[in-house]
Amino acid sequence: MTAVVEENTASSAPESQAGAVASFEVTLRIRRYNPEVSAEPTWEEHTVTAYGTDRVLDALHKIKWETDGSLTFRRSCAHGVCGSDAMRINGRNRLACKTLLKDINPDKPITVEPIKGLPVVKDLVVDMEPFFASYREIMPFLVTSGNEPSREHLQSQADRDRFDDTTKCILCAACTSSCPVFWTDGQYFGPAAIVNAHRFIFDSRDEAATQRLEILNDKEGVWRCRTTFNCTEACPRGIEVTKAIQEVKRAMITRAF
Ligand code: SF4
Ligand code: FES
């Protein structure tokens, strides 16, 4: 990494160095794919000037806005909340908006590819529909019976803690698309759907746990998990994905939830 110091004041006096910002050159090696141009993907390199606070998303923006407007990727919040910019960066699933360039060795070209296991639409954009279809199947909503309640459903702190971890999911698909079972069998529900089933199965206010467990007891359900921990390593929210899957498996056997 060749660092360059830029002064951000007109003065060249030594004290002005205090406000100086170091920049460096970084090369992104991006997997490009446009089915209207070629059936085969290609690799393309772009070098940009970056700063210590820049993330992979900032470099992608720079390329798109200043060099090649056709570069296609998803992003919305740019702050790790919406889950739309999961991509494979240097071979690992990460959110581009939460990955600082300086943290992933900018001395070498940084590879950026779409997440695996889902059809690529263009460049870094994949078709998320199979992912969301699995999510919808596990009924990701609270199910209760009886009359509309006249007051809120009360829950103890301990009951709430039971599923706290899995409420943090932002549906980025980093876990599901890092799962070798999902790569080879696109029918497998995948970790994210199971995480979101966990979130309701262990919610004391919900009444559809048995139904969800039946859905996940399917041959493409929770039993396909081979406990490789890729999902836990990939999750940008730090959710213990494999543990949640294990808890769902156990609940299926014991019917205790
Ligand atoms: S569990 Fe983590 S990696 Fe998987 S979809 Fe949710 S936030 Fe993303
Ligand atoms: S752009 Fe929203 S999580 Fe990265």
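Here are some notes on this predicted model, built around helix α5 and ligand 1.

1. Some housekeeping before you look. Residues are numbered from 1 along each chain as its sequence is written, while chains are lettered from A and ligands numbered from 1 in the order in which they are written. As this is a predicted model, local features need pLDDT of at least 70 and side-chain atom pairs count only at pLDDT 80 or more, though totals for chains, interfaces and linings use all residues.

2. How confident is the predictor? The mean pLDDT (confidence in each residue, from 0 to 100) is 92 for the protein, and 93% of its residues reach 70 or more. Watch residues 6-13, though: pLDDT is below 50 there, and the stretch has 12 contacts in the model beyond near neighbours in sequence. (A contact is two residues whose C-beta atoms, placed from the backbone, lie within 7 Å.) Where pLDDT is low, the predicted coordinates should not be read in detail.

3. Now find ligand 1. Its shell holds 16 residues, and Cys-169, Cys-172, Cys-175, Ala-192 and Cys-235 are the closest. To be near the ligand, a residue needs its C-beta atom, placed from the backbone, within 6 Å of it. By class, the shell has 14 nonpolar residues, 1 polar and 1 charged. (Nonpolar covers Ala, Val, Leu, Ile, Met, Phe, Trp, Tyr, Cys and Pro; charged covers Asp, Glu, Lys and Arg; the others, Gly among them, are polar.)

4. Which helix gives the most to that shell? Helix α5, residues 191-201, with 3 residues. (Helices are DSSP runs of H or I with at least four residues, numbered from the N terminus.)

5. Next, α5 with α2 (residues 129-137): their axes come within 9 Å and cross at roughly 25°. Axes are lines fitted to C-alpha atoms over the stretch in contact, and angles run from 0 to 180 degrees between N-to-C directions. The two helices are therefore roughly parallel (under 35 degrees; over 145 is roughly antiparallel, 65 to 115 roughly perpendicular, the rest oblique). Phe-131, Ser-134, Tyr-135 and Glu-137 of α2 touch Ala-192, Ala-193 and Asn-196 of α5.

6. Then look at α8 (residues 241-254), whose axis comes within 9 Å of that of α5 and crosses at roughly 60°. That makes the pair oblique. Among the residues that meet here are Ile-194 and His-198 in α5 and Val-241 and Glu-247 in α8. This contact has 10 nonpolar, 1 polar and 1 charged residues.

7. Finally, α6 (residues 209-216) packs on α5 at about 160°, with the axes 9 Å apart, so these two are roughly antiparallel. Ile-194, Ala-197, Phe-200 and Ile-201 of α5 face Ala-209, Arg-212, Leu-213 and Leu-216 of α6. The classes here are 7 nonpolar, no polar and 1 charged.

Technical notes:
pLDDT is the predictor's confidence in each residue, from 0 to 100.
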